[in-house]
Amino acid sequence: MNLFHLRNQAIVLAVLILTIALAGCGSAKNESAAVSSSTPAVKDEKAKVIKVGTSAVVKNVSFLDDNGKLTGYDIEVVREIDSRLPQYEFEFETMDFPNLFLSLDAKKIDFIAMRLEQNEERRAKYLFNQEFYDSSQLLVAVSEKSTNIQSIDDLKGKTVIVPASSSSAALIERYNKEHQDAIKVIYGDYTNAVNQIKSGRADATVIDAGLAKSLNKDANAQLKLVGENLHADSGVYFAFRKEDGSELSQAIDESLKAMKEDGTLSKLANEWFKRDYH
């Protein structure tokens, strides 16, 4: 074999090796791209920190578990939303319920996640997102031994305990304006309400039906729901400041829509409440 043929064979071999090497690189790139597309989006380097206000006092909604971890349906819904919004980084701030709106006003938090129902007074001051993330029914709750209270009208002359600044409080306060302060109102969280009703120091509370059932199961609350749903708007929402909450609330709504469509909300509601979210 002459020198010319040897040189040609060497060139062909080199081209073949280079082709195989390039093909391998291309395959590796394609494989890497496939893996990347299946992993959750990472947070943007300049993700905006969003402070989320909540009260860690309601079992299965927002509470500290046995290991001291903040969890519950509302909390895990917010965490799922956070995982879908790389432009934001959510951080929880826990406080007593009446301080949530004060902190929102003072810009110490950016939105409230604590099973909020809408009402006329709240809508006048705050912005609510459009997509509800769970259902809500407000009913009168009394001791399971009670027999003389069957509706809100039967509370006239009685003592009712409700959380300050809550929809339940607003509802009773509105009823009193229309009925010459017929109901005596005292304020306390639902743990306090359960204790007051059990001891006989209070006659009733107004509470979300799902929350009452959860308290009966997990805290032996011994509550009985009576009467009809007192809440015209049956959904629960997040609350934002009107002046700067629009962009954030819209982004959250888009995530909630996707979570409804892909079954995530149903999965979370079943995990925490043993039912669907609506």
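Author: Buried denotes a relative accessible area under 20%, exposed over 50%, and partly exposed in between, with a 1.4 Å probe and protein chains only. The model is predicted, so local features need pLDDT of at least 70, side-chain atom pairs count only at pLDDT 80 or more, and totals for chains, interfaces and linings use all residues. Residues are numbered from 1 along each chain as its sequence is written, and side-chain values use heavy atoms, with hydrogens and water left out.

Reader: Is Ser249 buried or exposed?

Author: Ser249 lies in helix H8 (residues 246-261), where helices are DSSP runs of H or I with at least four residues, numbered from the N terminus. Its relative accessible area is 5%. Because that value falls under the cut-off, Ser249 is buried.

Reader: Which residues is Ser249 in contact with, leaving aside its neighbours within four places in sequence?

Author: Contact means heavy atoms within 4.5 Å. With those neighbours left aside, the residues touching Ser249 are Leu127, Asn129 and Phe240.

Reader: How do the axes of helix H2 and helix H9 run, roughly parallel or roughly antiparallel?

Author: Axes are lines fitted to C-alpha atoms, for helices over the stretch in contact, and angles run from 0 to 180 degrees between N-to-C directions. The axes of H2 (residues 73-83) and H9 (residues 264-273) come within 10 Å and cross at roughly 155°. Angles under 35 degrees count as roughly parallel, over 145 as roughly antiparallel, 65 to 115 as roughly perpendicular and the rest as oblique. H2 and H9 are therefore roughly antiparallel.

Reader: How many of the 11 residues of H2 are buried?

Author: Among the buried residues of H2 are Tyr73, Ile75 and Val78. H2 is mostly covered, and its buried residues number eight.

Terms used:
Helices (H or I, at least four residues) and strands (E, at least two) are DSSP runs, numbered from the N terminus.
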